[in-house]
Amino acid sequence: MDKINVLFVSSELAPIIKVGGLADVAGALPKCLLDFINIQVVIPKYKIIPTPQPATIPGSDVKINYIDIPEYFSSRDNVYGYPDDPIRFAMFSQKVVQDIKDEKFGRVDIVHINDYHTSLIPILLKDIGLNNVKTMLTIHNLGPAYQGRYSLEILDALKLQKYHSTIEIDKSDNQINLLLQGVLNANIVSTVSSTYAKEILTKEYGGEIEDFMELRKSNLYGILNGIDYSIYDPDKDDKIYSKYNISNYKMGKLENKKRLIDELHLKFSTDAPLFAFISRLDYQKGIDILIKAMETLENKNANFIILGTGAKDFEDQLQILGTKDPSLFADITFDITLAEKIYAGADALIIPSRYEPSGLTQMIAMKYGTLPIVRSTGGLKDSVEGLVSGFTFEEYSPLSLVNTLKEALSMFNTPKWDEMIQTAMNEDFSWGRSAEKYVALYQQLVSNL
Ligand code: GLC
C-alpha cells in the first residue's frame, strides 16, 4: 500500500514559534509520524520567525511550509491577541485549501488540523469541491475562550460559494464559531487524552458546545500527548545545575535542589520539600485555588516556587504573598532555563488545573523525578496514578488541595516517596506510542473512502 500523505496544519510549531502546548505537539508528533507516513506541516509566516526560515522541523526531514498573508501575518508583531484573530486564521485556512487545490503540497490524502485556528479547513475543502480529501481535527483546548467566535462579518471575508447547513445552524446567534465548524465538518475529531474526550461531552467541560460534541461521539477519540525525551531528560539537560538519571537521582536531585534554593534565596532544610508551580497564571490552571491553599497552610515546613506569567490579578496576588511569606518565591516571568532548573530541583510539581486536555508538565516532572500533585482531570488523570507515581485529588477546591499537600508533606523523605519517584521516572510517555494511535486513525480515514 502506498504511504498515506498527511498535511499537518497548525498555528504554532516549536521550536520555531511557540506560545502554548500546541507548539510542542506540532513540533514533535510529525517527526514521529514520518516513520509511518508522508507528512509535511504548514504554519503562518509570522513576523517574528527569523529568516532564513528552517526548511524542516529541526532534527528531522519533515518539511515546513510557510504561508504569508502580509496584512495578517508578516506585518504584525505578535502571534495572537488581535481583535480580528478569527479572520486572520480563517484567511490562512482558505489559503491552505487553495494551495492544496493548486497541488502545492503534492498529493494530500488527509489534512490534520488543530484547534480553532485551522478549523474552517473541512468546510472550505467542501466549498471548493475537494471532496476526496479527508480531515481530522485535534482539539487541544475546548474552553469557550479558545473557540474563535466572530461576528458574521467573517462570512463576507470568506465569500463561500455554496450553502452549508452547519453555517446556517451556527449563525443563529449572530456569530460563527470556528471550532464548532471543525467539530461538525471534520471526518474525525480527536482530543489529547481519553478522559478529556469523555469530559467534553458534559456541561462542565463542553465549552457550551457539548451538545454538538455529543453528535460526533462515534467519531471522537482521545490520544494522550507525549513528550520529547531528546529535550526533556535530566541526564542530558545542559540547563540544569547537575545532570542525573534513575541510578543516581538521589544525589543529583539534592544537588539541584540546594543550588536552586540558594539561587532563589530560600532557606534549605533537609526535611522541607520544595513544591513548585510552572504554568500560565490563569483560570484554567488552578492558580486561584493554589493561592488560597498557600494562604491556608499554616506553619508549613516547605518552600514554594511559582513560575509563570498571566492574568494581572493573579500576578499581583502572588507578588504580595511573596513579600509576606519567606518560604515563597514567585517569579512572574517566562523563564525557560529557570523552569528546567525547577523541574530538576523541586520535590513536587503542583498542577491543580480546573481542566487539562493533556498537560505536558506532569510528564516532564516525572522524568525529572519530581512527583506531580494533580487534580484528577483530563490528561492529568490519564498520566498520574495517585500514591503510585504522584498525588491526586478530585474536587476543585482549596481544601482538597490543602489536604493533598498535607498528605505529600507527611510522606516526604519516606521509602514510599522514593518508590514513587522511581515509578515516575520509569514511566514512558514518548511520542512513539501516541504516533501509532494517530496512524491507526489515519488508516481508518483513508480506508473509508
Ligand atoms: C493545550 C492544553 C494542554 C495540552 C496542549 C497540547 O495547551 O491546555 O493540556 O497539553 O494544548 O495538546
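**Close-up views of a predicted model**

**View A. Strands β4 and β5 pair in parallel.** Strand β4 (residues 110-114) and strand β5 (residues 134-139) run parallel and are joined by five bridges. The model shown here and in the other views is predicted. Ile-110 stands opposite Lys-134 in β5.

**View B. An open sheet has seven strands.** The strand order is β3-β2-β1-β4-β5-β8-β9, and the pairing is parallel. β3 (63-67) and β9 (220-222) are the edge strands, and each pairs on one side only. On average, neighbouring strands of this sheet are turned by 25° against each other, direction ignored. Helix α2 (residues 85-101) packs on the sheet. This helix touches β1 (5-9), β2 (38-44), β3 and β4. The direction of α2 makes about 145° with that of β2.

**View C. Strand β11 is largely enclosed.** Five of the five residues of β11 (residues 303-307) are buried, so the rest of the structure largely encloses this strand. In a regular strand, side chains alternate between the two faces of the sheet. Asn-303, Ile-305 and Leu-307 point one way from β11, while Phe-304 and Ile-306 point the other way.

**View D. β11 pairs with β10 and with β12.** Strand β10 (residues 274-278) runs parallel to β11, and five bridges join the two. Ala-276 has Ile-305 of β11 as its bridge partner. Strand β12 (residues 328-331) also runs parallel to β11, through four bridges. Here Ile-305 stands opposite Phe-329 in β12.

**View E. Two right-handed β-α-β units share β11.** One unit is made of β10, helix α10 (residues 287-296) and β11. The other is made of β11, helix α11 (residues 312-324) and β12.

**View F. The largest nonpolar core has 86 residues.** Nonpolar side chains tend to be buried together in soluble globular proteins. Leu-33, Val-96, Val-111, Ile-154, Met-213 and Tyr-442 have the most contacts inside this core. Leaving aside residues up to four places away in sequence, Ile-154 touches Pro-86, Ile-87, Ala-90, Ile-176 and Leu-178. A second, separate core has 69 residues, including Ile-364, Leu-380, Met-411 and Ile-421.

View G. Buried residues in α15 are Ser-400, Leu-401, Val-402, Thr-404, Leu-405, Ala-408 and Met-411. Asn-413 follows α15 and has a positive phi, near 70°.

Notes:
Residues numbered from 1 in each chain as written. Predicted model: local features only at pLDDT ≥ 70, side-chain atom pairs only at ≥ 80, totals over all residues. Heavy atoms only, no water. Buried < 20%, exposed > 50% of the residue type's maximum accessible area, 1.4 Å probe, protein only. Core = buried A, V, L, I, M, F, W, Y, C linked by side-chain atoms within 4.5 Å. Contact = heavy atoms within 4.5 Å. Pairing = 2+ DSSP bridges. Right-handed = clockwise from strand over helix to strand, strands pointing away. Axes fitted to C-alpha atoms, helices over the stretch in contact; angles between N-to-C directions.
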